[in-house]
Amino acid sequence: MINVQDIRDTARDLLAKGEVRAVIGWRAGSRGMAAEPCVITKPEEADSLVWDPTCYHNLALNLVNDRKELRHAKQSPGAPIGIVAKGCDARAIVVLLQENYFKREDVYIIGVSCENSGVLDEKKLATQLKGFAPTAAAFAGDDFSVTTAKGENKIAAREVMADRCLECRTPFPKENNTALGEDKTGRDIEPQFAALQRFEAQDEAARWDFWQRQFDRCIRCFACRSVCPMCFCDECVVDSIEMKIAPETTAEEKANRIRWVERSATRAENATYHMTRALHLAGRCVDCGECERVCPVNIPLRLLNNKMEREAREAFGFEPGASIGGPSLVASFRDDDPGEFIR
Amino acid sequence: MSEKRTGVFVCHCGNNIAATVDVKKVAETMAQEGTVAYSQDYVYMCSDPGQNAVIQAIKDNQLDSVVVSCCSPSLHEKTFRDNAERAGISGFTCEIANIREQCAWVHKNRDEATAKAIKISRSAIRRVARNKSLEPIAVPVVRKVMVIGGGIAGIQAALDMANGGLEVVLVEKLATIGGHMLQLSETFPTLDCSQCILSPKMVEVSRHPKIKLMTYSEVKEVSGSVGNFQVKILKKPTYVDPEACKLCDECTVVCPQVVPNEHDLGLTARRAIYIPFAQAIPASYTLDEDACLGLNPIRCGKCKDVCEAGAINYDMRPETVTENVGAIVVATGFDLYPQEKILEYGAGNVEDVLDGLQFERLCSASGATKGHVLRPSDRKEPKEVVFIQCVGSRDPAQHCAYCSKICCMYTAKHARLYKHHVPDGKAYVFYIDIRSGGKNYEEFVQRAMEDDETMYLRGRVSKLHRTKDGKVRVMGTDTLTGMNVEIDADMVVLALAMQPSKGTEEAARVLKIGRDKDGFLAEAHPKLKPVESVTGGIYLAGCAQGPKDIPETVSQASAAAAKVLGLLSQATLSHTPTVARVRNSHCTGCEMCVTACPYDAIRLENGKAVVNEVLCEGCGSCSATCLRAAIEVRNTSPLQVNEMIEAVLSF
């Protein structure tokens, strides 16, 4: 089990020696038990870092935002930026590196292993606590220790862990500069794609009916897109209304903006938005599950992304975020591809 | 946008389109479109009066763009773009709406087909409204051509092109040119000696001032495009200087290493230092470094010690040569389907079961037995020989679905050759049916049956095995009599299927040209472009493209040569300007388009994609891959695609 002090010491040390210009990590939140992402720049801030089952956020997103900041301010990165990364965060970083979003030497990855655990699912926890509000949560071996007004509760982690963590095979960040905790790669708490399989047991009509209900609910708040580290485009194909105008944007380009998806939150447009997003994430989504967690209307978005992930694995043996040097799914082909048209 | 003036021309294609599509209604409906200034229909738009009508209409009505609703753009796009040019507007403002293959031919209901033809035409009108007048890109031409493969196809193509005045680089991976044809004893249907008709051509290649012969060499990398390819060729070391070698054969006498001889398909052996056969071109020895006891450090060195000419040099190293050529002819040939895969016929483990090429080497005067047909196991003359046709061919369930085309003929030839060598022997042929289309071919088979008394049995052999008394028991069926047949043969010859050679696979990979479902190189059009590959400037010859016999191979090689001579007779080539273009503001430099591009036309410069317009073929792979819509093909912009979709969906 990781001692949070080790994370703090590592961060402090890196900042003190000037090896990194900042460290992205989690600190105690201002509301309830949940941690929040933070960026610390001074060694003395290292003690504010935390590591507990509420470190939900995929910090690769903050890395993307840091890069956007730098580009906006027209600054070169200088010293690398440190980042505390879980297994899924590190996989996301690998995909970003594959796509040249930044260079490997610009990032210092402090890997943290989730070992046999993962992050909490607040909804599952609320059911377990029967109405008592949690005030703090901590790792306790294969359990979580959750504090409420009535005192401390030991709850088996697998009872209240997020689905994505239950299915996770790579809780250890393989791509790292330094790593804390045990490497439990290949752990098997629940079968992979279990949720997807349960869903697919239904017939086609039931599944379509299900998705219609989901897409009806979508309010197009774009939280799924905003929280996704892979959705780093400055201009998204679904919103032509805010077309980015750069100095080099030609009049023709301005005139030629396309509206593939209407802004109105109708069922057909919502479906188009979500399916476009799923396709754009095929071979890139690392199943960090953040889109599903932040959805205010509880659309099970992992089902869509998992479907693409499983297709890519079954058809091409493709694992998103497995290695930096590996090919990207949609831009590569093999000579022995079973599809005749491609040879 | 200033007001567009598009002309729409709807073709009846005789009855091809008009029978299913109400062409008059299509023309009338299109006249209502906002950007359409003129619309007409005509019985044959591609006929001379039809084409003149298009030109006249453009001039009379000041049209700035044209949609022709007719057949596939692969047929007449060029015709009508030329017409647009002749009428004084850019050819790239002309688009084809395919209402024949994609509509009339695939539908029966006239109302529905007409409605669809209207939508297809409308989508082309919406597209052409945003087409740009583009100028073709001029590409300089290198008047030099590379031929890959030194078999009869490669030799013929190289000679024809060199005689036509082109510089030719002929690359062969083995130590000599000649290919499979040189392994043959005699050729059908005239039974003339294969080596005797081929070796003069080989000599001509070696002496031709315009042919640069590179044997023991492999093509490793090809970049560039039609008119200007850059080819990296790996020249493997032979360790023998062909200029100095006196062909005295002293080196092979002292060489201690013995390995199977590929030229005789393992029926004989050779030394590590060898000359493939007496007439080899180039006439020189080669030191096979895999078979040699060791060159680094030198573990034997006997050949060098004995070489009085001083031709042997152990310090030769592989060398990479770069050649610039304007066109490439691929003539990489075939391999026989491996006997190991034919489990019912012993998978290559039953003695005296040979493949066709091995039998050729038994019959050949220069072969393993100096032209006496002796079976390999005991070197005795076989008195009963069974020939089995279609081994591996025409067997979609287990092996190759296709017919290998030449086996009927060469089996008849084998049977005849055998009878000429062993007049008192008995020859049996198991066949499915006999395919002897070709000049004098049927007569040849008849002579095998009648003059040479070959026993033709219609049926398949179910299995064979070695008997205790040293025979091969062949168990088959004669379907004409309905009887099971068992023959204790002295020797069995399998007419194995032809498959694309390893070199053909390799060439397809290096050149990035397509292969068909059986792995042979794909021609651009099965009827009208049989020697062109799908990539401009790359042509196909011989069995790399599909099974064929020698006359057909030679014809195809000459055809490919004629195509190259035509291509390279021009000073510059014009390249289509409908190529990819990058929107810098959107490019994030993710490199996906670079990986996706099949033509290596995109590279990254300062973190942004840059397109080499000469290499780009406008296939759109980049545009489909780009998640950021940062790269698009000219005249197929996302905006145009969007509007075409809307037109088809009738928004």
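Analyst: Domain bounds here come from an automatic or database domain assignment. The model is predicted.

User: OK. Which domains is chain B divided into?

Analyst: Chain B is split into domain 1 (6-134), domain 2 (144-235 + 322-333 + 503-567), domain 3 (250-317), domain 4 (336-499) and domain 5 (576-634).

User: How far apart are domain 4 and domain 5 of chain B?

Analyst: Their C-alpha centres lie 55 Å apart.

User: Switching to the contact. How many residues come from chain B and from chain A?

Analyst: Chain B gives 23 residues and chain A gives 23 residues.

User: Which elements of chain B give two or more residues to that side?

Analyst: Helix 14 (592-596) and helix 16 (638-648) of chain B do. By class, the side of chain B that touches chain A has 7 nonpolar, 10 polar and 6 charged residues.

User: Now helix 4 of chain B. What does it reach, first C-alpha to last?

Analyst: Helix 4 covers residues 110-128 of chain B, 19 residues in total. It reaches 27 Å, close to the 27 Å expected at 1.5 Å a residue.

User: And why is helix 4 of chain B called largely enclosed?

Analyst: Because 14 of its 19 residues are buried, the rest of the structure largely encloses it.

User: Last one, L354(B). Buried or exposed?

Analyst: Buried, because L354(B) has 24 C-beta neighbours inside 10 Å, and the cut-off for buried is 20 or more. L354(B) sits in strand 20 (residues 353-355) of chain B.

User: What is L354(B) in contact with, leaving aside neighbours within four places in sequence?

Analyst: F359(B), M491(B) and V493(B). L354(B) and M491(B) are 137 residues apart in sequence, yet 7.7 Å apart in space, C-alpha to C-alpha.

Methods
Residues numbered from 1 in each chain as written. Chains lettered and ligands numbered in written order. Predicted model: local features only at pLDDT ≥ 70, side-chain atom pairs only at ≥ 80, totals over all residues. Contact = placed C-beta atoms within 7 Å. Helix = DSSP H or I, 4+ residues; strand = E, 2+ residues; numbered from the N terminus. Nonpolar A, V, L, I, M, F, W, Y, C, P; charged D, E, K, R; others polar. Expected span 1.5 Å × (residues − 1). Buried ≥ 20, exposed ≤ 12 C-beta atoms within 10 Å, placed from the backbone.
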